[in-house]
Amino acid sequence: MQIPEERLRQITERFAELEARMASGQLEGEAFVQASRDYSELEPVAKAASEVQAMREEIAGLTEMLADPEMKAMAEDELDHLRKALPQAEHALAIAMLPKDEADQRPAMLEIRAGTGGDEAALFAGDLFRMYERFASENGWKVEPVSMNASDAGGFKEIVANVTGQGVFAKLKWESGVHRVQRVPVTESGGRIHTSAATVAVLPEPTEVDVQINDNDLKIDIYRASGAGGQHVNTTDSAVRITHLPSGLVVIQQDERSQHKNRAKAMQVLRARLYEKMREEAQGEEAAARRAMVGSGDRSERIRTYNFPQGRVTDHRIGLTLHKLDEVLAGTALGEVVDALTAEDEAKRLAAMGE
């Protein structure tokens with residue numbers, strides 16, 4: 001995709017203006033924060049634009065040198081190299097110019113729930129959580145469980161965790177949907193392959209400024225916790241159920257012994273779910289069209305199969321199959337799947353811009 005010279009000039013001028021404002025020392029408070037944010041977002045675009053401009057200018061200069069017999073051979077060699085490199089630089093610039101999802105740099109709320117398959121589904125949900133823990137470690141992120149409902153057989157019926165770090169949502173957002181596993185369960189004496197599933201939802205985490213919740217819109221119930229959780233879990237009224245009346249969303253939290261801690265964690269989960277609901281409503285048809293490019297992002301959509309007998313992982317949205325099942329579940333090769341999904345999304349958005 002060839003970017004017009006006028007667009008390159010606008011980018012470099014805007015970046016120079018931001019640099020001057022940042023260096024002036026006259027920005028304070030919110031104005032400085034906004035300018036810093038704009039600067040960090042525009043910097044990679046400006047660098048890519050400068051590289052394209054420099055290559056185009058060099059090509060123009062070398063083309064003029066072709067008229068000089070003594071310089072022609074050298075100019076032809078340089079031109080051949082630059083003409084091959086320029087389209088790659090222009091493609092990189094086009095990708096840098098694609099509209100960014102402002103939620104990409106945010107932390108995320110990761111929710112994993114066992115689906116069809118009973119105990120085997122709960123075990124698989126546990127496998128997925130460990131996969132994301134290791135992937136987070138590979139990326140320098142931190143994973144903190146918010147709530148969990150363990151299965152007697154191992155794994156989880158449900159687990160919710162907060163993932164913090166740089167660019168968390170940008171990479172984890174592709175994981176929302178139904179993950180299917182095909183393997184012989186530990187409990188299966190006949191060696192038959194079973195198919196089970198777990199549902200993953202990844203929500204960008206908002207701040208209190210993004211989602212302001214009116215206390216009058218909440219119905220809060222306090223009750224005695226049930227299930228495993230230590231000697232005090234069943235002896236105090238510490239479990240919290242929060243119902244957001246306008247939306248009907250319900251969040252239950254009982255993992256902590258402290259009612260106040262449970263309430264704080266429940267509010268954190270509620271805020272994330274409300275923020276995702278607000279994002280979907282605000283983006284409307286545009287969001288639906290974008291998600292349709294590389295899967296819907298709907299948690300009811302089957303997005304990936306983990307086949308143990310064949311040692312493969314298949315992502316159905318882009319038809320990608322990797323015979324690296326162990327590496328993907330260990331978190332070390334999950335990045336290959338994420339990178340492929342990101343590249344496919346960028347390619348389709350570039351194609352849409354050119355239509």
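A residue is taken as buried when its relative accessible area is under 20%, as exposed when that area is over 50%, and as partly exposed in between. The structure described here is a predicted model. With that cut-off, Lys173 counts as buried because its relative accessibility is 19%, and Asp104, at 14% relative accessibility, counts as buried as well. These two residues form a salt bridge in which the closest N and O atoms are 2.9 Å apart. Asp104 lies in the loop between H3 and strand S1 (108-114), and Lys173 in the loop between helix H5 (168-172) and S4, so the pair ties together parts that are 69 residues apart in sequence.

The protein chain as a whole contains eight helices and eleven strands, and its C-alpha trace spans about 90 × 60 × 35 Å along the principal axes. Of its 355 residues, 40% count as buried. As an example of separation within the chain, the C-alpha atoms of Glu276 and Gly190, which are 86 residues apart along the chain, are separated by 44 Å. Glu276 belongs to helix H6 (residues 259-293) and, with a relative accessibility of 17%, counts as buried.

Side chains of opposite charge can pair when their charged atoms come close. In the present model, 23 salt bridges are found. One of them joins Arg56 to Glu5, with the closest N and O atoms 2.9 Å apart. Since Arg56 is located in helix H2 (residues 29-65) and Glu5 in helix H1 (residues 5-24), this pair ties together parts that are 51 residues apart in sequence. The two partners fall into separate accessibility classes: Arg56 is buried, with a relative accessible area of 12%, whereas Glu5, at 44% relative accessibility, counts as partly exposed.

A further salt bridge is formed between Arg183 and Glu120, whose closest N and O atoms are 2.3 Å apart. Arg183 is part of strand S4 and Glu120 of helix H4 (residues 119-138), so that here parts 63 residues apart in sequence are tied together. Both Arg183 and Glu120 are buried. Beyond these pairs, a network of salt bridges links Glu111, Arg113, Glu158 and Arg273.

Strand S4 (residues 177-183), which contributes Arg183 to the pair with Glu120, is mostly covered, six of its seven residues being buried. S4 pairs in the antiparallel sense with strand S5 (residues 194-204) over seven bridges, and within this pairing the bridge partner of Gly177 is Val200 in S5. S4 also pairs with strand S9 (residues 302-307), in this case in the parallel sense and over five bridges; there, His179 stands opposite Arg304 in S9.

From S9 the pairing can be followed to strand S10, the two strands running antiparallel and being joined by four bridges. Arg304, which stands opposite His179, also stands opposite Asp315 in S10. Four residues lie between the strands in the hairpin of S9 and S10, where Gly311 takes a positive phi near 60°. In a regular strand the side chains alternate between the two faces of the sheet. In S10 (residues 312-315), Arg312 and Thr314 point one way, while Val313 and Asp315 point the other way, and all are buried.

S10 is in turn joined by three bridges to strand S11 (residues 320-322), again with the strands running antiparallel. The bridge partner of Val313 in S11 is Leu322. S10 and S11 likewise form a hairpin with four residues between them, and Gly319 in the turn has a positive phi of about 65°.

With regard to surface charge, Glu58, Glu76, Asp77 and Glu78 form a negative patch. Helix H3 (residues 72-97) gives the most to this patch, with three residues. Glu76 is found in helix H3 and, at 40% relative accessibility, counts as partly exposed. Asp77, also placed in helix H3, counts as exposed, its relative accessibility being 59%.

Definitions and conventions
Residues numbered from 1 in each chain as written. Predicted model: local features only at pLDDT ≥ 70, side-chain atom pairs only at ≥ 80, totals over all residues. Heavy atoms only, no water. Patch = residues over 30% accessible without salt bridge, like charges linked within 9 Å, V, L, I, M, F, W, Y side chains within 5 Å. Areas by Shrake-Rupley, 256 points an atom, 1.4 Å probe, with all protein chains shown as cover. Salt bridge = Lys/Arg side-chain N within 4 Å of Asp/Glu carboxyl O. Lys, Arg positive; Asp, Glu negative; His and termini not counted. Charge placed at Lys NZ, Arg CZ, Asp CG, Glu CD. Buried < 20%, exposed > 50% of the residue type's maximum accessible area, 1.4 Å probe, protein only. Pairing = 2+ DSSP bridges.
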